[in-house]
Amino acid sequence: MSSTLVARVLVPALVLSSLPAWAGTVFVTSQQGAQLARVEEGRVTGGTAVASAPATVAAGGGLVFLSHPDGHAITVADAATGAVLRRLPYGGQAFGLAVPADGRSLFVADWSGNRVDRLSVEDGTVEASAETGRDPAHLVLDRAGRLFVADRESHRVSVFDGARMTRLATIPVGTAPFALALSPDERRLYVGNVRSNDVTVIDTGSLTALATVPAGAMPYGLAVSPDGARIFVTNQHAGTVTVLDAASLTIQARIGVGRYPEGIALLDGKAYVANWFSDTVSVIDLATLKEVARLPVAEGPRSVAVGSTQGGAP
Amino acid sequence: MRLSLLVLPLALAATAALAHGPTPQKVSQSITIKASPDAVWKVAGDFAGIGRWHPAVAKAEGSGSKDGGSRTVTFKNGGALTESLDEYKPEEHSYSYRMSDPDLKALPVSSYSATFTVSPDGDGSKVEWMGRFYRGDTGNEPPENLSDEAGREAMNGFFSEGLKGLKAAVEGGKAK
């Protein structure tokens, strides 16, 4: 999910000019700690208190969005400063988020409502909706405007035209799909299946599944390297990140991280992993595939997203 | 028609499987035991042997202590849960497992996973039992008995009571 979000981040030039020249920011949400942390150049550089129990974070259009499944709300923050700008009321149980390139709207998965809504980022007005499968989890949007939804309890991925919110395809995958990530060229969508412990590879041209391959115990987060060659999978129950080779779809490496790892995002040759139980973010060097740091953050980090001031992929 | 007949049993199986809500909760308990990790593991490492030391368990049956192995635990309160091993690591005295279908009578939670680890602690051992669960009613207005708080109380109680039972079984030299 993170790699696609990266491509959509365009911070306005006005904001850019007043900021130091860092390559990008990794945003981390802590559930119990109710915080949005900023990680820059491998260290925690700031934290903002937010409403209780944020689940997913997504960045785009100079904004950062946090879903609050139990709070009927979405928080909107400024990507440059991390400051909370406003709260969007939301009728359902907001979980997965996706941000279009224009930053004017936001796609939200309603976990218990079995639907996906497109909201105005100004006031949360629902612009359009579509019915998904059961318990829609994470979302991803491609550059063509197609929205992919992991229908967790229906064991399939739903594909919609994001503008019209009409269904384009329904693709059976493994058991309980949860996390999604597009390859940088967007020809493949990787789907982590939490109960079958594997990853399904979808061809985004034909909208069919190409393969389903073993990953680890309870895959919960996915990211793809900028060259598309490697897929990183967090395994919640194993406390590891597995590295899959995109060509052979075999496991190349297993990297130990903290307990109950969830979200993962890549930036500048590093992977950042939210360790929910350990209250840390693991930093993995992508060249050596070793964990090089564990950054303490507020209790219960779940989700990570990259916001780049350069407006390009890492 | 032939396709739908094939798909139907799968669909039914899917709805019976665990569905859980979006906000997980932590559970974590530990205890020290005056015995070597090997001695503790001899009792606690048998995944389906939990009935020998957990005071709240009436009986347990299982398919073996190995990756993918499972146990069905019948509670004294009448509920029953089936759990399966994600990872069984005897060399590290540790295993991780997760619940299959919920039984709110056994524990008021919709889903959980946990890790059980025995490690050296001075002359004895430390046993850690930690995990993650979702409340019994995952909607936005859960009744009191299926709330996050009810889940925390039940899960922490189950783990802490179990560890006390394990300590008594190991230090007393006999299982219950």
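Me: Which residue of chain B does Glu262(A) meet in a salt bridge?

Reply: Happy to start there, with a note that this is a predicted model, in which local features need pLDDT of at least 70, side-chain atom pairs count only at pLDDT 80 or more, and totals for chains, interfaces and linings use all residues. Residues are numbered from 1 along each chain as its sequence is written, chains are lettered from A and ligands numbered from 1 in the order in which they are written, and side-chain values use heavy atoms, with hydrogens and water left out. A salt bridge here is a side-chain nitrogen of Lys or Arg within 4 Å of a carboxyl oxygen of Asp or Glu. At 2.5 Å from N to O, the side chain that Glu262(A) meets in this way is that of Arg132(B).

Me: How many salt bridges does the rule find across the interface of chain A and chain B?

Reply: Side chains of opposite charge can pair when their charged atoms come close. A search of the whole structure, over all chains, gives 21 salt bridges. Across the interface of chain A and chain B, the rule finds 4.

Me: Which residues of chain B are linked with Asp70(A) in a network of salt bridges?

Reply: This network has members from chain A and chain B. Asp70(A) is linked in it with Arg135(B) and Asp148(B).

Me: What area do chain A and chain B bury between them?

Reply: Contact (heavy atoms within 4.5 Å) joins 32 residues of chain A to 31 residues of chain B. His237(A), Tyr260(A) and Phe277(A) supply 23% of the area that chain A buries against chain B, more than any other three residues. Buried area is the accessible area (1.4 Å probe) that two parts lose on being put together, summed over both. With 45% of it on carbon and sulfur atoms, the area comes to about 2500 Å².

Me: Is Asp151(A), which meets Arg156(A) in a salt bridge, buried or exposed?

Reply: The two side chains come to 3.1 Å, N to O. Buried means under 20% relative accessible area, exposed over 50% and partly exposed in between (1.4 Å probe, protein chains only). Arg156(A) counts as partly exposed because its relative accessibility is 23%. Asp151(A), at 0%, counts as buried.

Me: Why do the buried residues of H2(B) line one face of the helix?

Reply: Helices (H or I, at least four residues) and strands (E, at least two) are DSSP runs, numbered from the N terminus. In helix H2 of chain B, residues 37-44, the buried ones are Pro37(B), Val40(B), Trp41(B), Val43(B) and Ala44(B). Seen down the axis, they line one face because they fall within an arc (of the directions from the helix axis to the C-beta atoms) of 160°.

Me: Which exposed residues does the face of H2(B) turned away from its buried side carry?

Reply: The buried residues of H2(B) pack against several elements of chain B, including strand S1 (25-33), strand S7 (124-135) and helix H3 (148-171). On the face turned away from that buried side, the exposed residues are Asp38(B) and Lys42(B).

Me: Which residue's backbone oxygen does the side chain of Ser125(B) reach?

Reply: Ser125(B) sits in strand S7 of chain B and counts as buried, at 1% relative accessibility. Beyond its neighbours within four places in sequence, its contacts include Pro37(B) and Val40(B), both among the buried residues of H2(B). At 3.4 Å, the backbone oxygen that the side chain of Ser125(B) reaches is that of Ser36(B).

Notes:
Polar contact = N/O pair within 3.5 Å; in protein donor to acceptor, adjacent residues only side chain to side chain.
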